Amino acid sequence: YYMDGCPHCESILPEYKKFAAAGQIFSNGKTTKIRMLEQGSPNAAPELEANNVKGFPTFVLSTVDGKNLEYQGDRTVPAISQFIKENAS
């Protein structure tokens, strides 16, 4: 989740847009869908509330068993990719 004009979002946005453009990441024989939701978009509002998003950017991995894991690490695509690989189930 990101917000236009957020300086923290702006620092990773160009790299993350390229990452999200692929639409998915394959790891350990599984596919994880990659999405970007902007804070002001109509589709984001219910998810922002459901995932208790308080600041931006917020990275959340939703697993097939219903868990929503918030990523707390470095704001780089390699670090986020590693988090997905380690936690996708």
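Two strands are said to pair if DSSP finds at least two bridges between them, and the strands themselves are DSSP runs of E with at least two residues, just as helices are runs of H or I with at least four residues, both being numbered from the N terminus. In this structure, which is a predicted model, local features need pLDDT of at least 70 and side-chain atom pairs count only at pLDDT 80 or more, while totals for chains, interfaces and linings use all residues. Residues are numbered from 1 along each chain as its sequence is written, and side-chain values use heavy atoms, with hydrogens and water left out.

**The hairpin and the backbone**

Strand β1 (residues 24-27) and strand β2 (residues 30-33) run antiparallel and are joined by four bridges; Gln24, for example, has Lys33 as its bridge partner in β2. Two residues lie between the strands of this hairpin, where Asn28 takes a positive phi near 50 degrees. Most residues other than glycine have a negative phi, and most peptide bonds are trans. Against that background, Asn52, which lies in the loop between α2 and β3, also has a positive phi, near 55 degrees. Pro57 is found in that loop too, between α2 (44-50) and β3 (59-62), and the peptide bond that joins Phe56 and Pro57 is cis, with omega about -5 degrees.

**Asn51 and Thr58 in the loop**

Asn51 is found in the loop between α2 and β3, and the place of Thr58 is in the loop between α2 and β3 as well. Is Asn51 buried or exposed? Asn51 counts as buried because its relative accessibility is 15%, where buried means under 20% relative accessible area, exposed over 50% and partly exposed in between, with a 1.4 Å probe and protein chains only. Thr58 is likewise buried, at 6% relative accessibility.

The table lists their polar contacts (pairs of N or O atoms within 3.5 Å; within protein, one must be able to donate a hydrogen and the other to accept it, and residues adjacent in sequence count only if both atoms are side-chain atoms).

| Side chain | Partner | Distance |
|---|---|---|
| Asn51 | Tyr1 side chain | 2.7 Å |
| Asn51 | Asn68 side chain | 2.9 Å |

Contact, in the wider sense of heavy atoms within 4.5 Å, can be listed leaving aside neighbours within four places in sequence: Asn51 is then in contact with Tyr1, Val60 and Asn68, and Thr58 with Tyr1, Val53 and Glu70.

**The cysteines**

A disulfide is a covalent bond between the sulfur atoms of two cysteines, taken here as a pair of cysteine sulfur atoms within 2.5 Å. The structure holds zero disulfides. Cys6 is in none, and the nearest cysteine sulfur, that of Cys9, is 3.2 Å away. Cys6 is buried at 5% relative accessibility, and Cys9 is buried with a relative accessible area of 1%.

**The largest pocket**

The largest pocket has a volume of about 620 Å³. How many residues line the largest pocket? Its lining is made of 30 residues, and Lys33, Arg35, Val60, Leu61 and Ser62 lie nearest its centre. The elements that give two or more residues to this lining are α1 (7-21), β2, β3 and α3 (77-87). A pocket is found on a 1 Å grid over the protein atoms alone, as an open set of points with protein on both sides within 12 Å along at least five of seven lines, whereas a cavity is a set of points where a 1.4 Å probe fits but cannot get out; lining residues have an atom within 4 Å of a point. Grid points are joined across faces, edges and corners, and the volume is the space filled by probe spheres set on the points.
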